[in-house]
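Subject: Structure for you to look at

Hi,

Here is the structure I wanted to pass on to you. Could you open it and keep it in view while you read the rest?

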Amino acid sequence: MQIFPYPMMAGHYKDVFAELGQNHDFTFPADKPDSRIDYMFTSEDAKICSGEVIHTNVSDHLPITAEFVLKQNVI
């Protein structure tokens, strides 16, 4: 399921999990995830190293995390 802001964001930024080939890392509902409704985006100024869905029962969504390396010319 992709809601309205997704096409706008994906047109300007890289979808971290899509770039990693992890489109099926679902985050909702937390007890039996079958939808990817949580996203993280980055610019071309960052190299994406990894992304992970954290399996926990603290919310109805599963949190996501990612590791990036900033390119030298960013700062």
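Below is what turned up in it, from the overall fold down to single residues.

Some ground rules before the details. This is a predicted model, with local features needing pLDDT of at least 70 and side-chain atom pairs counting only at pLDDT 80 or more, while totals for chains, interfaces and linings use all residues. Residues are numbered from 1 along each chain as its sequence is written, and side-chain values use heavy atoms, leaving out hydrogens and water.

**Overall picture**

The protein chain has two helices and four strands, arranged along the sequence as α-β-α-β-β-β. Helices (H or I, at least four residues) and strands (E, at least two) are DSSP runs, numbered from the N terminus. Along the principal axes, the C-alpha atoms fill a box of roughly 40 × 25 × 20 Å. Of the 75 residues, 23% count as buried; buried means under 20% relative accessible area, exposed over 50%, and partly exposed in between (1.4 Å probe, protein chains only). The chain exposes about 5300 Å², with carbon and sulfur atoms supplying 54% of that area (Shrake-Rupley method, 1.4 Å probe; for residues, only the protein chains shown count as cover). Taking contacts (heavy atoms within 4.5 Å) between residues at least 6 apart in sequence, 58% join residues at least 24 apart.

**The core**

The largest nonpolar core has seven residues: Val 16, Phe 17, Ala 30, Ile 48, Val 53, Leu 62 and Ile 64. Helix H2 (16-19) and strand E3 (46-53) are the elements that give two or more residues to this core. By nonpolar core I mean a set of buried Ala, Val, Leu, Ile, Met, Phe, Trp, Tyr and Cys residues joined through side-chain atoms within 4.5 Å. Leaving aside residues up to four places away in sequence, Val 53 touches Phe 17, Asp 25, Phe 26, Thr 27, Leu 62, Pro 63 and Ile 64.

Ile 54 sits in the loop between E3 and strand E4 (64-70) and is partly exposed, at 35% relative accessible area.

**Charges**

How many salt bridges does a search of the whole structure find? It finds one, where a salt bridge is a side-chain nitrogen of Lys or Arg within 4 Å of a carboxyl oxygen of Asp or Glu. Arg 36 pairs with Asp 15, with the closest N and O atoms 2.5 Å apart. Arg 36 is in the loop between H2 and strand E2 (41-42) and Asp 15 in strand E1 (residues 14-15), so the pair ties together parts 21 residues apart in sequence. Arg 36 counts as buried at 7% relative accessibility, and Asp 15 does too at 4%.

Next along is Lys 14, in strand E1. Lys 14 is buried yet has no salt bridge, and the nearest side chain of opposite charge, Glu 44, is 4.0 Å away (Lys and Arg count as positive, Asp and Glu as negative; His and the chain ends are not counted).

**A cis proline**

Phe 28 and Pro 29 are joined by a cis peptide bond, with omega about -15 degrees. Pro 29 lies in the loop between H2 and E2. Most peptide bonds are trans.

Cheers
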